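Welcome! Please take a moment to look over the molecule shown here before reading on.

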Amino acid sequence: MQSISLAQLSAILAVTAQPLFADFASTRFIQLYLYAHHVDGLQPGVYRFWQARAELEKIRGGNQRVAAAALSLGQDLAGNACVAFSMIGDLERAVRAHGDRGYRYVHFEAGAVGHRLYLAAEALGLGATGIGAFYDDEVHNYLRLVPEQGQVVYHFAIGYPVPDPRLEA
Ligand SMILES: Cc1cc2nc3c(=O)[nH]c(=O)nc-3n(C[C@H](O)[C@H](O)[C@H](O)COP(=O)(O)O)c2cc1C
(Lines give C-alpha, C1' and ligand atoms only; values in the text may rest on other atoms or scores of the structure.)
Protein backbone atom coordinates (compact mmCIF):
# COMPACT_ATOMS: atom_id res chain seq x y z
CA MET A 1 0.00 0.00 0.00
CA GLN A 2 1.46 3.33 -1.09
CA SER A 3 1.81 6.09 1.49
CA ILE A 4 2.01 9.83 1.28
CA SER A 5 4.78 11.63 3.14
CA LEU A 6 4.34 13.79 6.18
CA ALA A 7 5.72 16.68 4.09
CA GLN A 8 2.90 16.16 1.58
CA LEU A 9 0.31 16.07 4.34
CA SER A 10 1.81 19.22 5.90
CA ALA A 11 1.63 20.99 2.54
CA ILE A 12 -2.03 19.99 2.14
CA LEU A 13 -2.87 21.18 5.66
CA ALA A 14 -0.99 24.45 5.15
CA VAL A 15 -3.10 25.17 2.08
CA THR A 16 -6.29 24.76 4.11
CA ALA A 17 -4.97 27.22 6.69
CA GLN A 18 -4.31 30.03 4.21
CA PRO A 19 -6.69 32.99 4.57
CA LEU A 20 -9.94 32.83 2.62
CA PHE A 21 -10.82 36.09 0.91
CA ALA A 22 -14.61 36.11 1.06
CA ASP A 23 -17.24 37.96 3.03
CA PHE A 24 -18.29 34.71 4.70
CA ALA A 25 -14.77 33.98 5.91
CA SER A 26 -13.76 36.92 8.07
CA THR A 27 -13.82 34.39 10.93
CA ARG A 28 -13.13 30.71 10.45
CA PHE A 29 -15.62 28.17 11.77
CA ILE A 30 -14.24 24.90 10.40
CA GLN A 31 -11.94 22.66 12.38
CA LEU A 32 -10.17 19.79 10.64
CA TYR A 33 -9.78 16.32 12.09
CA LEU A 34 -7.91 13.66 10.20
CA TYR A 35 -7.74 9.91 10.10
CA ALA A 36 -4.15 9.07 9.18
CA HIS A 37 -3.98 5.67 7.48
CA HIS A 38 -0.85 5.70 5.33
CA VAL A 39 1.32 8.70 6.08
CA ASP A 40 5.07 8.05 6.31
CA GLY A 41 6.32 9.59 9.53
CA LEU A 42 2.92 9.81 11.20
CA GLN A 43 1.51 6.95 13.25
CA PRO A 44 -1.94 5.79 12.21
CA GLY A 45 -4.55 7.52 14.32
CA VAL A 46 -7.05 10.30 14.58
CA TYR A 47 -5.62 13.80 14.87
CA ARG A 48 -6.99 17.27 15.38
CA PHE A 49 -5.30 19.91 13.23
CA TRP A 50 -4.65 23.10 15.14
CA GLN A 51 -4.56 25.58 12.32
CA ALA A 52 -3.00 28.59 14.05
CA ARG A 53 -0.07 26.55 15.37
CA ALA A 54 0.14 24.10 12.44
CA GLU A 55 0.14 21.25 14.95
CA LEU A 56 -1.47 17.84 15.06
CA GLU A 57 -2.92 16.61 18.34
CA LYS A 58 -3.44 12.88 18.58
CA ILE A 59 -6.99 12.01 19.64
CA ARG A 60 -6.84 8.24 19.08
CA GLY A 61 -4.05 5.86 18.14
CA GLY A 62 -4.13 2.77 15.99
CA ASN A 63 -5.50 1.74 12.63
CA GLN A 64 -8.49 3.89 11.70
CA ARG A 65 -9.37 2.39 8.34
CA VAL A 66 -12.46 0.50 9.46
CA ALA A 67 -13.65 3.37 11.65
CA ALA A 68 -13.17 6.03 8.97
CA ALA A 69 -15.07 3.98 6.40
CA ALA A 70 -17.83 3.14 8.86
CA LEU A 71 -18.25 6.76 9.94
CA SER A 72 -18.43 7.80 6.26
CA LEU A 73 -21.64 5.84 5.80
CA GLY A 74 -19.71 2.63 5.20
CA GLN A 75 -17.87 3.98 2.16
CA ASP A 76 -14.63 2.07 1.61
CA LEU A 77 -12.76 4.99 0.06
CA ALA A 78 -12.52 6.74 3.44
CA GLY A 79 -10.62 3.71 4.75
CA ASN A 80 -8.64 2.94 1.59
CA ALA A 81 -7.33 6.52 1.26
CA CYS A 82 -3.99 7.58 2.74
CA VAL A 83 -5.76 10.16 4.89
CA ALA A 84 -9.40 11.01 5.49
CA PHE A 85 -10.86 14.15 7.05
CA SER A 86 -13.82 15.29 9.10
CA MET A 87 -14.67 18.98 8.97
CA ILE A 88 -16.34 20.20 12.14
CA GLY A 89 -18.32 23.41 11.84
CA ASP A 90 -19.01 25.66 14.81
CA LEU A 91 -22.58 26.43 13.77
CA GLU A 92 -23.56 28.17 16.99
CA ARG A 93 -20.68 30.63 16.88
CA ALA A 94 -21.42 31.27 13.20
CA VAL A 95 -25.07 32.07 13.97
CA ARG A 96 -24.02 34.35 16.82
CA ALA A 97 -21.68 36.19 14.43
CA HIS A 98 -23.85 36.27 11.29
CA GLY A 99 -27.41 35.51 12.34
CA ASP A 100 -29.31 33.02 10.21
CA ARG A 101 -26.71 33.29 7.44
CA GLY A 102 -24.17 31.69 9.76
CA TYR A 103 -25.43 28.19 8.96
CA ARG A 104 -24.79 28.76 5.25
CA TYR A 105 -21.43 30.42 5.86
CA VAL A 106 -20.15 27.35 7.69
CA HIS A 107 -21.02 25.26 4.65
CA PHE A 108 -19.46 27.79 2.26
CA GLU A 109 -16.26 27.57 4.28
CA ALA A 110 -16.33 23.77 4.29
CA GLY A 111 -16.77 23.84 0.52
CA ALA A 112 -13.86 26.26 0.12
CA VAL A 113 -11.61 24.13 2.33
CA GLY A 114 -12.68 21.09 0.32
CA HIS A 115 -11.77 22.89 -2.90
CA ARG A 116 -8.33 23.53 -1.53
CA LEU A 117 -7.97 19.89 -0.56
CA TYR A 118 -8.85 18.91 -4.13
CA LEU A 119 -6.35 21.40 -5.60
CA ALA A 120 -3.54 20.57 -3.17
CA ALA A 121 -3.98 16.84 -3.69
CA GLU A 122 -4.01 17.17 -7.48
CA ALA A 123 -0.96 19.44 -7.41
CA LEU A 124 0.91 16.71 -5.50
CA GLY A 125 -0.15 14.03 -7.96
CA LEU A 126 -2.71 12.57 -5.58
CA GLY A 127 -6.46 12.20 -5.83
CA ALA A 128 -9.19 13.54 -3.58
CA THR A 129 -12.90 12.94 -3.07
CA GLY A 130 -15.40 14.99 -1.17
CA ILE A 131 -17.64 12.81 0.97
CA GLY A 132 -21.01 14.24 1.85
CA ALA A 133 -22.40 11.16 3.57
CA PHE A 134 -21.56 10.31 7.17
CA TYR A 135 -23.12 9.39 10.51
CA ASP A 136 -23.17 12.68 12.41
CA ASP A 137 -23.60 11.52 16.01
CA GLU A 138 -21.16 8.65 15.61
CA VAL A 139 -18.54 11.04 14.21
CA HIS A 140 -19.03 13.41 17.15
CA ASN A 141 -18.61 10.56 19.63
CA TYR A 142 -15.63 9.04 17.86
CA LEU A 143 -13.78 12.35 17.66
CA ARG A 144 -14.61 12.95 21.33
CA LEU A 145 -16.09 16.36 20.51
CA VAL A 146 -17.68 18.47 23.19
CA PRO A 147 -21.01 19.94 22.01
CA GLU A 148 -19.54 23.47 21.89
CA GLN A 149 -17.17 22.40 19.12
CA GLY A 150 -20.01 22.05 16.66
CA GLN A 151 -21.09 19.46 14.14
CA VAL A 152 -19.61 17.49 11.30
CA VAL A 153 -20.43 19.08 7.93
CA TYR A 154 -18.11 17.42 5.38
CA HIS A 155 -15.77 14.48 4.97
CA PHE A 156 -12.89 14.06 2.57
CA ALA A 157 -10.46 11.40 1.41
CA ILE A 158 -7.03 11.87 -0.17
CA GLY A 159 -4.83 9.18 -1.62
CA TYR A 160 -3.81 7.53 -4.85
CA PRO A 161 -6.59 7.45 -7.41
CA VAL A 162 -7.74 4.05 -8.60
CA PRO A 163 -8.00 4.05 -12.40
CA ASP A 164 -11.54 3.31 -13.51
CA PRO A 165 -11.59 2.01 -17.09
CA ARG A 166 -15.30 2.79 -17.29
CA LEU A 167 -14.42 6.50 -17.19
CA GLU A 168 -11.74 6.36 -19.88
CA ALA A 169 -12.54 7.87 -23.24
C1 LIG B 1 -20.03 17.88 -1.64
C2 LIG B 1 -19.59 16.57 -2.25
C3 LIG B 1 -19.95 15.40 -1.62
C4 LIG B 1 -19.54 14.17 -2.15
N5 LIG B 1 -19.88 13.02 -1.51
C6 LIG B 1 -19.40 11.84 -1.96
C7 LIG B 1 -19.62 10.65 -1.24
O8 LIG B 1 -20.25 10.63 -0.17
N9 LIG B 1 -19.12 9.50 -1.75
C10 LIG B 1 -18.37 9.47 -2.91
O11 LIG B 1 -17.93 8.40 -3.32
N12 LIG B 1 -18.15 10.60 -3.61
C13 LIG B 1 -18.63 11.77 -3.16
N14 LIG B 1 -18.35 12.92 -3.83
C15 LIG B 1 -17.55 12.84 -5.08
C16 LIG B 1 -18.42 12.80 -6.31
O17 LIG B 1 -19.15 11.59 -6.31
C18 LIG B 1 -17.56 12.87 -7.58
O19 LIG B 1 -16.61 11.85 -7.56
C20 LIG B 1 -16.84 14.16 -7.67
O21 LIG B 1 -17.76 15.22 -7.58
C22 LIG B 1 -16.05 14.24 -8.98
O23 LIG B 1 -16.88 14.07 -10.06
P24 LIG B 1 -16.36 13.37 -11.38
O25 LIG B 1 -15.75 12.09 -10.90
O26 LIG B 1 -17.57 13.19 -12.22
O27 LIG B 1 -15.35 14.31 -11.95
C28 LIG B 1 -18.77 14.14 -3.34
C29 LIG B 1 -18.41 15.34 -3.97
C30 LIG B 1 -18.79 16.54 -3.42
C31 LIG B 1 -18.34 17.83 -4.11
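This report covers the ligand's surroundings and then a pair of strands.

## About the model

The model is predicted, so local features need pLDDT of at least 70 and side-chain atom pairs count only at pLDDT 80 or more, while totals for chains, interfaces and linings use all residues. Residues are numbered from 1 along each chain as its sequence is written, and side-chain values use heavy atoms, with hydrogens and water left out.

## Around the ligand

Let's start with the neighbours: Q75, Y118, T129, G130, I131, G132, A133 and Y154 surround the ligand, each with a heavy atom within 4 Å of it. Four of these shell residues are nonpolar, four are polar and none is charged; in this scheme Ala, Val, Leu, Ile, Met, Phe, Trp, Tyr, Cys and Pro count as nonpolar, Asp, Glu, Lys and Arg as charged, and the others, Gly among them, as polar. Strand β7 (residues 127–131) gives the most to the shell, with three residues; a strand here is a DSSP run of E with at least two residues, numbered from the N terminus.

Now look at the ligand's nitrogen atoms. One lies 2.6 Å from a polar side-chain atom of Q75. A polar backbone atom of G130 is 2.7 Å from a ligand nitrogen, and for a polar backbone atom of G132 the distance is 2.8 Å.

## A strand hairpin

Strands β4 (residues 45–50) and β5 (residues 55–61) run antiparallel and are joined by six bridges; two strands pair if DSSP finds at least two bridges between them. V46 has R60 in β5 as its bridge partner. Four residues separate the two strands of this hairpin, and A54 in the turn has a positive phi of about 50°.

Key: A polar contact is a pair of N or O atoms within 3.5 Å; within protein, one must be able to donate a hydrogen and the other to accept it, and residues adjacent in sequence count only if both atoms are side-chain atoms.
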